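Look at the structure, then read on.

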Amino acid sequence: MSVRYIGSGPYCYANSLAMVMGPGAPEPAVLEMLTGSPFGMQLHQGHIPFFDPLGWDPVIGLDAATDLLGWTSERSGGGTADEAAGRLRRATPAAPLLVGPVELGLLLHRPGSGTALGADHFVVVIGVEKETVLFHDPQGHPYATLPIEDFLTAWRADSIGYPTEPYSMRRDFRRVRRRETHAALRASLVAARRRLAVQNFGESGSLGGAAAAGRLAELVEAGLRPWQHEHLVRFAVRVGARRLADASVLLAGIGEREAARIAEHQARLVGALQHPLVNGDRALAAGILRALAPTYDQMAEALDDHA
């Protein structure tokens, strides 16, 4: 039996969803698995690595998690900055807003911010006071504040690399049918098995699963671009290993022992990438990625009963 990981990690949308769902919300680890994020790997457009399924993004994941749990919400986005500001002003502690994606690099309460990174983020807005937005940033900043104009700049999200409207938000989360967590987790495996089968994405150059891991190994050996290296060591490896570690525990809890074993093996491999990447051991990092590659087909086979 492995030791469960408990600690920090970039679970921004799962943490935000747990906040707006209120006291009855499942823990963020459950929400993260219900989004489908642990089941795959992608090399977006052939050069941007993520340890999540090809064609998946957090907007898709949030829809999946809420639907599986029997919840719904009101979604809105687009319009002018003034219209978006008006929507923000509707937020109260009793009726918070799940806001995102926002551009992480333009959230000016964060040290070193001020430049768009193309990094998405999700926060919970709980009010606007005297032209200042009050919000919980799940990456370590409760009761953060920003002038509303600065918040709107980040919320425009025009640097985000997947399809999304500017000023996207969700509100009025409510349960429309009852489904227990155990049943929701089991139901999520149908989509997980389907996502694992996707290996390429039209003519975009994007790759999934084993193909993504193998190609990333080649890029590591050749020498990553500085932004690719930073993306991996500051975000992708951390969240990828965390997702898989949590998924392993949850899969075991619903009786999927083989899938749980594979997820733990994947978590160990992804987590083991951090040291060689930080310290420039290209050969070791590439070898880990090549060991990771066949595990996606193994996971698909373990979930065949849910196809």
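Buried means under 20% relative accessible area, exposed means over 50%, and partly exposed lies in between (1.4 Å probe, protein chains only). By that definition, both Phe151 and Trp155 are buried. This is a predicted model: local features need pLDDT of at least 70, side-chain atom pairs count only at pLDDT 80 or more, and totals for chains, interfaces and linings use all residues. Residues are numbered from 1 along each chain as its sequence is written, and side-chain values use heavy atoms, with hydrogens and water left out.

**Aromatic pairs**

- The whole structure holds 5 aromatic pairs. Rings of Phe, Tyr and Trp (its six-membered ring) pair if their centres lie within 6.5 Å; planes under 30 degrees apart count as stacked, over 60 as edge-to-face and the rest as tilted.
- Tyr13 and Trp56 make a tilted pair, at 6.1 Å centre to centre with 55° between the planes.
- Tyr13 sits in helix 1 (residues 12-21) and Trp56 in the loop between strand 2 (48-50) and helix 3 (58-69), so this pair ties together parts 43 residues apart in sequence. Helices (H or I, at least four residues) and strands (E, at least two) are DSSP runs, numbered from the N terminus.
- Tyr13 is buried, at 4% relative accessible area. Trp56 is buried as well, at 6%.
- Phe151 and Trp155 pair edge-to-face, at 5.9 Å centre to centre and 65° between the planes.
- Both lie in helix 5 (residues 148-155), 4 residues and about one helical turn apart.
- Phe135, Phe151, Trp155 and Tyr167 are linked by ring pairs into a cluster.

**Charge over a ring**

- Arg242 lies over the face of Tyr11, 4.6 Å from the ring centre. The criterion is NZ of Lys or CZ of Arg within 6 Å of the ring centre and within 35 degrees of the ring normal.

- An open sheet of 6 strands has the order 3-8-4-5-6-7, with antiparallel pairing. Two strands pair if DSSP finds at least two bridges between them.
- Strand 3 (71-76) and strand 7 (141-147) stand at the edges with a single partner strand each, so one side of each lacks a neighbour in the sheet.
- Strand 4 (residues 97-103) and strand 5 (residues 120-129) pair antiparallel over 5 bridges. Val102 stands opposite His121 in strand 5.

**Helices on the sheet**

- Helix 1 lies across strands 3, 4, 5, 6 (132-137) and 8 (169-175), at about 35° to strand 5. Axes are lines fitted to C-alpha atoms, for helices over the stretch in contact (heavy atoms within 4.5 Å). Angles run from 0 to 180 degrees between N-to-C directions.
- Helix 4 (residues 81-88) also packs on the sheet, its direction making about 140° with that of strand 4.
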